Amino acid sequence: MPRPVAVVAFAQTEHSGEDRGMAEIEILAPVITEIKERTGQKQFGFTCSGSCDYLAGAPFAFVSALDAIGAWPPISESHVEMDAAWALYEAWVKLQHGDIDTALVYGFGKSSQGNLRAVLTQQLDPYHLAPLGIDAVSLAALQARAYMERSGAKEDDLRAVAARSREAGRGNPFALHLPEPEGDDYDVAPLHPYDVAPVTDGAAAIVLAAGDRARDMCERPAWITGIDHRTEPHAPGVRDLSRSDSARVAGERAGATGIEVAELHAQYTHEELILREALGLGEDTAVNPSGGPLSANPMMAAGLIRIGEAAARVHDGSASRVLGHASSGPCLQQNLVCVLSGENHG
Amino acid sequence: MPSDTAPAGADTGLPEPNHVLEFPGGYTRSVGPVIGRFFSELRDGRLVGVRTADGRVLVPPSEYDPLTGEDVTGEFVEVGPVGTVTTWSWVARPAKEHPLDRPFAWALIRPDGADTALLHALDLGVFDEGAKPPKFLKTGMRVRPRWRAERTGGIGDIECFQPEVTMINAPTRLEYRLKGGQALRRFLEGMSEGRILGHRCPVCESVIVPMKGLCPRDGVPTTEEVELPDTGTVTTFAVNNIPDPRAPEVPFVSAYVLLDGAGLTMLTLVAGIPADQVRMGMRVKAAWRPREEWERTMGNIKWFEPVDEPDVPFEEIKDFM
């Protein structure tokens, strides 16, 4: 039996679709301050963050962000060059060791200061893919076509995902408030501009706590009842792009059944449809009531935000069984599923 | 290493970069024996895959079977170079990082003899920036590589893929010296003087204009010239929405006009009235070009225009449809 660990607090920035003239640490620091105040904690047993140096164009850019958490006297700290959802996974594993009771997890990204599509090319296979200069949206469009041709879904089905996400996002004070999707121009066909998550700057933080510490810090802790992440081969030509086997397996291993609210890290409209299918989410599951990444997609934080938004539904008592999902790599190569429950698990 | 020298002239519409991350000369990477073999063969203009223990062929080759994680065998297999598109995306506005500077497709391509697909660019010809994907671009399309003349051992040794040749275009041009015959010569002579000439049939007495020297109804020669007025009646017409060299603005109306006194209709343009107001039975009159422009051509009449007369009842023109 894993040790009972819960999300006890979640904070995020009011995300921005443009450069507001703040350095990354200036975006991050208020979120750290807020979550310390909300949990009443100045110190945590472990700290883990997710970010990407290529977003800033500087090696070890994440190190300077440590100033935001007060890294002196020396703290126990780690970093993943990925979405902070994977930092949360590392923190959860660390909590399973039993030697600490609390962990702070955060992620941040300022995508507006470079060409995000070209930055993401750097995460591709350096032998066969990156030298071609293929960008993230072009790769996603290959997957969109494969999915539509296999499933029979039409471009209008994708547009409906964008419309619903944007409408929900307009009700979320932290998301970008984007207009109704319109126009029939393609970005990279078959994807239209509204099928693609907006470039977004922002940050988010979560505090995890174990057992009684969780109950002390939160009236309704969101207990992690299952968490799993899976990856698929790097080469897109090896995979059936129309499906997400890694999300399916991660969902099964995390026990993703009976989900009332799912927050999916779908950065393209078709990804939501592939993920719904892979995770077996039916019509009775509310997907991305926050607006999801199609309404705000701060790189390296958007996956963590999915877990935070799902947990927030437990914290406010509006749901008792929820799911947060994060993805990484081209065409949903890696998927993490975190199932949270409001029932007493400790 | 990062450099703070901004390059000149980015065309993104964004402010000039003030920070550039670049590794001059690029990273040096070992490729190992599997990828190394693939690239060496590419340099020689061949596409190879590697066989897995269960007999599948991976292209591009990897050191392990992606399904099982087992080592692959040492057997390299020449594949393709022709392959099948398994999925594609269409880039209507190429970025500067892209391999082609005009609209193109990205495609996953499974070479013949392979069990996996290779990602590459697909050049489908010349398109204007922003063009929609061409209709002939489809999953299942057969394509082959265009090799770069100077190859160095890398994925870029294939410049791009191109569709297999499935059709050719064979231009034809023949030159002729046409003579229209005696009747047409005489008709055009009349046109050059602003006269519309026809022949009266000796049997049915109807007037044939333009004349042909024969009555198409009775099959007898005709010689008796009759000059007709340049007024007539629209019998039927069509509204055209595709431009024509003689009527470059659309919509335009082409109509059959029965000249007063004629026994058959002439095909002509009708103008001087909105296309949706032209009607059967409408009275029209020729609009001649200025006299100094007249030549031996039917084009001396630009078109027919409506005249302010009552329409002709359908009963009177129904035999000329």
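Student: In which loop of chain B does Pro210(B) lie?

Tutor: Pro210(B) is in the loop between β12 (207-208) and β13 (224-228) of chain B; strands are DSSP runs of E, at least two residues long, and helices are runs of H or I, at least four, both numbered from the N terminus. The model is predicted: local features need pLDDT of at least 70 and side-chain atom pairs count only at pLDDT 80 or more, while totals for chains, interfaces and linings use all residues. Residues are numbered from 1 along each chain as its sequence is written, chains are lettered from A and ligands numbered from 1 in the order in which they are written, and side-chain values use heavy atoms, without hydrogens and water.

Student: What is the form of the peptide bond from Val209(B) to Pro210(B), and what is its omega?

Tutor: That peptide bond is cis, with omega near -10°. Chain A also has a cis bond, from Ala189(A) to Pro190(A), with omega near 10°. Pro190(A) is placed in the loop between β5 (188-189) and β6 (201-210) of chain A.

Student: Why is α9(A) called oblique to α10(A)?

Tutor: Helix α9 (residues 245-254) and helix α10 (residues 269-279) of chain A pack at an angle of about 40°, with their axes 8 Å apart. Axes are lines fitted to C-alpha atoms, for helices over the stretch in contact, and angles run from 0 to 180 degrees between N-to-C directions. Angles under 35 degrees count as roughly parallel, over 145 as roughly antiparallel, 65 to 115 as roughly perpendicular and the rest as oblique; α9(A) is therefore oblique to α10(A).

Student: Which residues make the contact of α9(A) with α10(A)?

Tutor: Ala247(A), Arg248(A) and Gly251(A) of α9(A) touch Leu275(A), Ala278(A) and Leu279(A) of α10(A), contact meaning heavy atoms within 4.5 Å. They divide into four nonpolar, one polar and one charged. Gly counts as polar and Arg as charged, whereas Ala and Leu count as nonpolar.

Student: What makes α6(A) oblique to α10(A) as well?

Tutor: Helix α6 (residues 136-151) of chain A packs against α10(A) at about 55°, with the axes 9 Å apart, and that angle makes the pair oblique. The crossing of α6(A) and α10(A) is left-handed. Among the residues that meet are Ala140(A) and Tyr147(A) in α6(A) and Leu273(A) and Ile274(A) in α10(A). By class, this contact has five nonpolar, two polar and three charged residues.

Student: Which residues join α4(A) to α11(A)?

Tutor: Helix α4 (residues 84-96) of chain A and α11(A) pack at about 60°, with axes 6 Å apart. The contact is made by Ala84(A), Ala85(A) and Leu88(A) of α4(A) and Gly303(A), Leu304(A) and Ile307(A) of α11(A). Of these, five are nonpolar, one is polar and none is charged.

Student: How many residues of chain B are in contact with chain A?

Tutor: There are 34 residues of chain B in contact with 34 of chain A. The buried area is about 2,800 Å², 65% of it from carbon and sulfur atoms; the term denotes the accessible area (1.4 Å probe) that two parts lose on being put together, summed over both. Trp106(B), Leu119(B) and Ile155(B) supply 17% of the area that chain B buries against chain A, more than any other three residues.

Key. Left-handed = near helix turned anticlockwise from the far one by under 90°.
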